[in-house]
Amino acid sequence: MEINKNEVNDVISNCVGMEMNSRSTLAAESGALQKSRSVYSILKNINVLSKCCKTPAYLTSEGLLIKNLEILRDVERRAGCKILLAQKAFSQYSLYPLIGEYISGTTASGLYEARLGREKMGGETHVFSPAYCDEDFGQLLKICDHIVFNSFSQWEKFKDRAQGKVSCGLRLNPECSTQSNDIYDPCSPFSRLGITIKNFMPELLAGVDGFHFHTLCEQGFDALEKTLKVFFDKFGQYVGKLKWLNFGGGHHITRPGYDIGGLIEIIIKTRKEYGVEVYLEPGEAIALNAGFLAASVLDIVDNGMKIAILNVSAACHMPDVLEVPYTPQIDGAEKPGIKQHSYRLAGNTCLAGDIIGDYSFDNELLPGDKIIFKDMAIYSMVKNNTFNGMPLPSIGVIKCDGKIVVTKEFGYEDFKMRL
Ligand SMILES: Cc1ncc(COP(=O)(O)O)c(C=O)c1O
């Protein structure tokens with residue numbers, strides 16, 4: 001789908017303006033290329049671009065993705081580490097060839113993601129699962145470079161099949177909580193994720209190449225620094241014999257203000273002190289603020305407040321809005337009461353709580369109006385569902401030249417085939 005560049009240039013939407021400004025500071029700091037700048041002049045007109053698009057649609061901006069990838073590549077180079085895409089956050093595989101130009105590969109939560117990463121990106125393929133089943137394990141051995149085990153019982157069960165074929169690691173749990181939301185905290189009490197110091201068996205380490213921990217969620221460098229201190233206090237004496245350490249995900253490296261210098265410094269220090277390779281496997285940071293969900297208003301009802309019913313659903317298309325919970329940002333909208341017209345935006349399912357949030361707009365909303373939700377690339381299309389028979393949003397890319405390329409469209413068969 002092509003759009004008229006003059007029209008685009010005439011209309012200045014601030015949809016991604018804030019991110020662009022703060023990101024350009026970061027990018028400059030990390031030596032970002034001129035190439036990305038020209039991209040932004042088109043991207044700030046996302047509003048116009050998305051008007052050309054049939055809704056609902058997830059649209060990922062290639063230019064904004066590149067901006068994140070430039071930062072991550074810069075970290076890889078300066079720190080001498082390897083960064084992997086955690087596909088659980090973002091699996092829009094039409095963009096994998098591009099992502100693979102910047103970072104070292106993918107990590108997976110099981111066989112299907114591992115296959116996708118191997119087939120569509122290449123580079124290194126890693127996997128961690130709380131437990132592997134016999135049927136999958138043979139295939140994982142053919143696909144993966146690293147396999148990480150969650151317990152000594154899993155390690156004992158599979159080690160003879162795995163050794164010599166893949167690099168094996170153990171996920172450890174340093175029991176160092178740095179966040180308050182238990183649902184995202186692998187260090188919370190009774191966690192099943194990772195081996196604690198109490199369950200650690202140094203006598204079973206023969207054949208183990210690396211340790212892995214994942215404890216963070218949308219966090220800054222300070223949380224990693226704190227975690228590493230506890231991790232090395234507990235397990236440091238065993239690290240010198242290993243080949244690698246994997247610091248997991250949850251590092252919001254591409255968020256404005258992230259202490260990239262601190263991250264690079266601590267990775268270099270770890271590499272030098274312990275003689276290990278360091279891996280990071282962020283998901284969010286790869287596509288943070290790089291995607292949008294374009295929706296349309298279907299109807300307005302009034303039951304003590306004005307409610308706009310959209311052709312998207314929190315429950316189906318942005319489940320983190322209900323799970324975290326949080327209120328996504330919208331292009332051109334503010335919190336309720338700030339602009340002249342306030343609305344509750346809600347989904348088109350039977351769920352009474354299918355509420356996206358309360359907002360205010362300059363103009364009255366009318367059926368047919370477009371609503372552009374921001375930061376919708378991550379944990380959105382990977383988690384969506386067809387509850388109530390809701391149609392799945394199509395998936396597309398906003399190319400650097402301003403075209404929107406829709407790569408996937410869904411229909412009735414996609415709903416039916418899963419049932
Ligand atoms: C083991 C592991 N690695 C990486 C990630 C990616 O985390 P994020 O998307 O927050 O960076 C997760 C997220 O749950 C995870 O469980």
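## Ile260, a buried residue in helix H11

Ile260 belongs to helix H11 (residues 260–274); helices (H or I, at least four residues) and strands (E, at least two) are DSSP runs, numbered from the N terminus. This residue is classed as buried because 20 C-beta neighbours lie inside 10 Å. The cut-offs are these: buried means 20 or more other C-beta atoms within 10 Å of the residue's own, exposed means 12 or fewer, and partly exposed is in between, with C-beta atoms placed from the backbone. Although 189 residues separate Ile260 and Ile71 in sequence, their C-alpha atoms are 9.0 Å apart in space.

The model you are looking at is predicted: local features need pLDDT of at least 70, side-chain atom pairs count only at pLDDT 80 or more, and totals for chains, interfaces and linings use all residues. Residue numbers start from 1 along each chain as its sequence is written.

## The protein as a whole

There are 15 helices and 16 strands in the protein. Of its 419 residues, 44% are buried. Contacts (C-beta atoms, placed from the backbone, within 7 Å) can also be sorted by sequence separation: among those with a separation of 6 or more, 69% link residues 24 or more positions apart.

## The barrel

Eight strands form a closed barrel in the order E2-E3-E4-E5-E6-E7-E8-E9, with parallel pairing; two strands pair if DSSP finds at least two bridges between them. On average, neighbouring strands of this sheet are turned by 25° against each other, direction ignored (axes are lines fitted to C-alpha atoms, for helices over the stretch in contact, and angles run from 0 to 180 degrees between N-to-C directions).

Let's walk along part of the barrel. Strand E3 (residues 105–108) pairs with E4 in the parallel sense over 4 bridges, and Thr107 sits opposite His126 in E4. Strand E4 (residues 124–128) runs parallel to E5, joined by 3 bridges, with Val127 opposite Ile147 in E5. Right-handed means that, with the strands pointing away from the viewer, the path from the first strand over the helix to the second runs clockwise.

## Strand E5 and its next neighbour

In strand E5 (residues 146–149), His146 and Val148 point one way, Ile147 and Phe149 point the other way, and all are buried. E5 also pairs in the parallel sense with strand E6 (residues 167–171), over 4 bridges. Here Ile147 faces Cys168 in E6. Another right-handed β-α-β unit is made by E5, helix H9 (residues 152–162) and E6.

## Around the ligand

Of the 14 residues around the ligand, Ala86, Ala89, His214, Gly249 and Gly283 come nearest; a residue is near a molecule or strand if its C-beta atom, placed from the backbone, lies within 6 Å of it. This shell contains 6 nonpolar, 5 polar and 3 charged residues. Ala, Val, Leu, Ile, Met, Phe, Trp, Tyr, Cys and Pro count as nonpolar, Asp, Glu, Lys and Arg as charged, and the others, Gly among them, as polar.

## Backbone details in the loops

Most residues other than glycine have a negative phi, and most peptide bonds are trans. Phe190, not a glycine, has a positive phi of about 65°. Phe190 lies in the loop between E6 and strand E7 (210–212), and counts as exposed because it has 4 C-beta neighbours inside 10 Å.

The peptide bond from Thr55 to Pro56 is cis, with omega near -5°. Pro56 is in the loop between helix H4 (46–51) and strand E1 (57–61).

Notes:
Contact = placed C-beta atoms within 7 Å.
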